[in-house]
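Visitor: I have a structure to look at before I set anything up. Can you walk me through it?

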Amino acid sequence: MFKRRLILICVVILSLVIAGCNDEEPIKEEVIQHNWNESPLFESGNYTMIGEEGRLGFIYDDSEGIRFYPNKVQKYMWHFWGNEDELIGDFKVLGTHENSDKEIIIVPKGGNSFPSPNNGADQHLPTNMELPKSGMWKLDAYIEDEIFGSVYVKVHKK
């Protein structure tokens, strides 16, 4: 009986020692923090654009006529800088409102081909965009299902 208790005590102690030697950190859920500030404006060609200079953006100068307003469809000309391999494939834009984790389709995939260089960019593409509510939005631009970049815009109240 004593031997069994001694073996049980040794097994428990050994288990605790082994468990305490685990160098792995607990798995933490990754939380992506976004900077919900409007993307900077920059000049390219004869136009002011919003986005990431030298990567992507669309013609936008924050004037009354071109601003985003809830449920107002407007035409925006996207511009892209990159190598030829990056700029091949269908284009789409997914949008996320600052108070939601849900992505919505802003520009659907399919039939969106890049016509040619324009305004200092390697490629450009006209799109219609509409955002459903006021506040800050993150617009994720994808080319052939690979994220190309993001633009943050403000949707003004009517």
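Guide: What follows is a short tour by question and answer.

Visitor: What kind of model is this, and which cut-offs apply?
Guide: This is a predicted model, where local features need pLDDT of at least 70, side-chain atom pairs count only at pLDDT 80 or more, and totals for chains, interfaces and linings use all residues. Residues are numbered from 1 along each chain as its sequence is written, and side-chain values use heavy atoms, with hydrogens and water left out.

Visitor: What is the mean pLDDT of the chain?
Guide: The mean is 84, and 77% of the residues reach 70 or more. pLDDT is the predictor's confidence in each residue, from 0 to 100.

Visitor: How should low pLDDT be read?
Guide: Where pLDDT is low, the predicted coordinates should not be read in detail.

Visitor: On to the sheets. What is the order of the five strands?
Guide: The order is β1-β2-β3-β4-β7, in an open sheet with antiparallel pairing. β1 (41–44) and β7 stand at the edges with a single partner strand each, so one side of each has no neighbour in the sheet. Neighbouring strands are turned by 35° against each other on average, direction ignored. Axes are lines fitted to C-alpha atoms, for helices over the stretch in contact, and angles run from 0 to 180 degrees between N-to-C directions.

Visitor: How many bridges join β4 to β7?
Guide: Seven, and the two strands run antiparallel. Met77 has Pro126 in β7 as its bridge partner. Two strands pair if DSSP finds at least two bridges between them.

Visitor: And the sheet of four strands, what is its order?
Guide: That open sheet runs β6-β5-β8-β9, again with antiparallel pairing. Its edge strands are β6 (103–107) and β9 (146–155), each pairing on one side only. The twist averages 30° from one strand to the next. β8 (residues 135–143) and β9 pair over nine bridges. Within β9, Gly149 stands opposite Ala141.

Visitor: What does the side chain of His124 have within polar reach?
Guide: A polar atom of that side chain lies 2.6 Å from the backbone oxygen of Ser116. Not counting residues up to four places away in sequence, His124 touches a list of residues including Met77, Trp78, Phe80 and Phe114.

Visitor: Where is Ser116?
Guide: Ser116 lies in the loop between β6 and β7. Ser116 is partly exposed, with a relative accessible area of 28%. Beyond four places in sequence, Ser116 is in contact with Asp122, Gln123 and His124. The C-alpha atoms of Ser116 and His79 are separated by 9.9 Å, at 37 residues apart along the chain.

Visitor: Switching to charges. How many salt bridges does the structure hold?
Guide: Six. A salt bridge is a side-chain nitrogen of Lys or Arg within 4 Å of a carboxyl oxygen of Asp or Glu. One of them joins the side chains of Arg55 and Glu86, 2.9 Å from N to O. Arg55 is in the loop between β2 (47–52) and β3 (56–59) and Glu86 in the loop between β4 (74–80) and β5 (91–97), so the pair ties together parts 31 residues apart in sequence. Arg55 is partly exposed at 21%, and Glu86 is partly exposed at 29%.

Visitor: What about Lys92?
Guide: Lys92 forms a salt bridge with Asp145, the closest N and O atoms being 3.5 Å apart. Lys92 sits in strand β5 and Asp145 in the loop between β8 and β9, 53 residues apart. Lys92 is buried at 19%, whereas Asp145 is partly exposed at 43%.

Visitor: Which residues are linked in a network?
Guide: Asp62, Glu64 and Arg67 are linked by salt bridges. The side chains of Arg67 and Asp62 meet at 3.1 Å, N to O.

Definitions and conventions. Polar contact = N/O pair within 3.5 Å; in protein donor to acceptor, adjacent residues only side chain to side chain. Contact = heavy atoms within 4.5 Å. Buried < 20%, exposed > 50% of the residue type's maximum accessible area, 1.4 Å probe, protein only.
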